[in-house]
Amino acid sequence: MIKNKTILITGGAGFIGSIMAETLFKENKITVLDNFSGGNLKNLSPFKDHVKIIEGDIRREETFEKLKDDFDLVIHFAANSDVRSGSTDTKSDMEINVIGTHNLLEYMRKRDVKDLIFSSTSTVYGEASIIPTPENYGPELPISLYGASKLANEGFIWSYFHYYGIKPTIFRFANIVGRNSTHGVIHDFIIKLKKDPQNLEILGDGRQEKSYMHVDDCVDAMIHIYERNKSGDVVNLGNDQRTSVTRIANVVVEKMGLKNVKFHYTGGIDGRGWAGDIKIAQLSIEKMKAYGWNNRYDSDQSVVRATEEIVGQMK
Ligand SMILES: NC(=O)c1ccc[n+]([C@@H]2O[C@H](COP(=O)([O-])OP(=O)(O)OC[C@H]3O[C@@H](n4cnc5c(N)ncnc54)[C@H](O)[C@@H]3O)[C@@H](O)[C@H]2O)c1
């Protein structure tokens, strides 16, 4: 467990960031930096008096002047986390993810902060020909602006490591699911079914298969691996199995207590949900296991648990 550190969590009011803050606040001094574009103060409310909360936008260099502590570690989650948005909004991934992360790295360089945990993504691999995809797969050819921006982030981070000794622990997440989430397939289905409990529109052909990891497992694995990473590393986090979109639709229908829901598949582009959607995604998690960490929930169990939590929160 990470202990007695002064930690900055960017995007700490968001889905994964808030669970990380909740996990670390008792043993560490936590500052959350967030512009609340996607995050919510509600996620921090059970422990808000025990963390410093700073509202600010990482796109602006001045934001970092608000940070007065000497941080031992930065855990960087703040980002445009919506993979889909890039097909219509071509600026956010560049401005928030690329410029925002560069601003953070400059702040770390100037203030001599030497330790960084970064939340990257399976989308850096693009349409990988090797599945499960290992960390050394290449060339990495992203098919979304989001994936491209995270790959650029990784490049900048490694360069700052080599120039200035900022040690990176980079995690490439599969699909992380659970309470406090604000978007993603489970969320979309619940919202649609609340509007119309008889019919469910499913983007694509429903046969897209991805590997899902519960947020409690994700945060636990991040802490475990960070503590054992001595000289900078990039590690996939995911599961050994995949869950199809239709299977998720069935779980959501069941957990919402609905019956006889008609599924309407859009067909999408070549079965994909949207341009930039990857049809089959599964990461190799051999390196994660070599660090001595194993999942508590498999992919289907992660989806079931997350659906129960999200349905409960959206009541
Ligand atoms: N959830 C997943 O399945 C998944 C998968 C791969 C990678 N990731 C990455 O993990 C990180 C966390 O994802 P999440 O699912 O918790 O997303 P999220 O949207 O819930 O969290 C992102 C947080 O960043 C904040 N933010 C956005 N723009 C900001 C800005 N300009 N300045 C300051 N704060 C800003 C938002 O308000 C939000 O609280 C992101 O970097 C995301 O790209 C997530």
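Student: What do the buried residues of H6 pack against?

Tutor: First, the terms. Helices (H or I, at least four residues) and strands (E, at least two) are DSSP runs, numbered from the N terminus. Two residues are in contact if their C-beta atoms, placed from the backbone, lie within 7 Å. A residue is buried if 20 or more other C-beta atoms lie within 10 Å of its own, exposed if 12 or fewer, and partly exposed in between, with C-beta atoms again placed from the backbone. In this structure, the buried residues of H6 pack against helix H4 (185–195), strand S8 (199–202), strand S12 (243–244), strand S13 (262–265) and helix H8 (299–313).

Student: How should I treat the model and its numbering?

Tutor: The model is predicted: local features need pLDDT of at least 70, side-chain atom pairs count only at pLDDT 80 or more, and totals for chains, interfaces and linings use all residues. Residues are numbered from 1 along each chain as its sequence is written.

Student: Which residues of H6 are buried, and why do they line one face of the helix?

Tutor: The general idea is that an α-helix has 3.6 residues a turn, so residues three or four places apart point the same way. In helix H6 (residues 245–255), the buried residues are Val 245, Ile 248, Ala 249 and Val 252. Seen down the axis of H6, they fall within an arc of 105 degrees, so they line one face of the helix. The arc is that of the directions from the helix axis to the C-beta atoms.

Student: Which residues of H4 are buried, and which are exposed?

Tutor: Val 185, Ile 186 and Phe 189 are the buried residues of H4. Their arc around the axis is only 100 degrees, which puts them on the same side of H4. Ile 191, Lys 194 and Lys 195 are exposed on the other side of H4. The cover over the buried residues includes S7, S8, H6 and H8. Take Ile 186 as a case: not counting residues up to four places away in sequence, Ile 186 touches Val 177, Ile 248, Val 252, Val 303, Ala 306, Thr 307 and Ile 310.

Student: How many residues are in the largest nonpolar core?

Tutor: A nonpolar core is a set of buried Ala, Val, Leu, Ile, Met, Phe, Trp, Tyr and Cys residues joined through C-beta atoms within 7 Å. The largest one here has 68 residues, and among those with the most contacts inside it are Ile 9, Ile 186 and Leu 237. Helix H5 (residues 215–228) supplies the largest share of this core, 7 residues. At least three residues of the core come from each of domain 1 (6–176 + 213–237) and domain 2 (182–211 + 241–278 + 297–313).

Student: How far apart do the centres of the two domains lie?

Tutor: Domain bounds come from an automatic or database domain assignment. The C-alpha centres of domain 1 and domain 2 are 26 Å apart. Their contact takes 16 residues from domain 1 and 13 residues from domain 2.

Student: Which residues come nearest to the ligand?

Tutor: A residue is near a molecule or strand if its C-beta atom, placed from the backbone, lies within 6 Å of it. There are 27 residues around the ligand, of which Gly 11, Gly 14, Phe 15, Gly 39 and Ala 79 come nearest. Helix H1 gives the most to this shell, with 3 residues. By class, the shell has 11 nonpolar, 13 polar and 3 charged residues. Ala, Val, Leu, Ile, Met, Phe, Trp, Tyr, Cys and Pro count as nonpolar, Asp, Glu, Lys and Arg as charged, and the others, Gly among them, as polar.

Student: Which peptide bonds are cis, and which residues other than glycine have a positive phi?

Tutor: Most residues other than glycine have a negative phi, and most peptide bonds are trans. The bond from Ile 131 to Pro 132 is cis, with omega near -5 degrees. Another cis bond joins Gly 138 and Pro 139, with omega about 0 degrees. Pro 139 lies in the loop between S5 and H3. As for phi, Asn 4 has a positive value of about 55 degrees, and the phi of Asn 180 is near 70 degrees.

Student: Is each of these asparagines buried or exposed?

Tutor: Asn 4 counts as exposed, with 8 C-beta neighbours inside 10 Å. Asn 180 is buried, with 21 other C-beta atoms within 10 Å.
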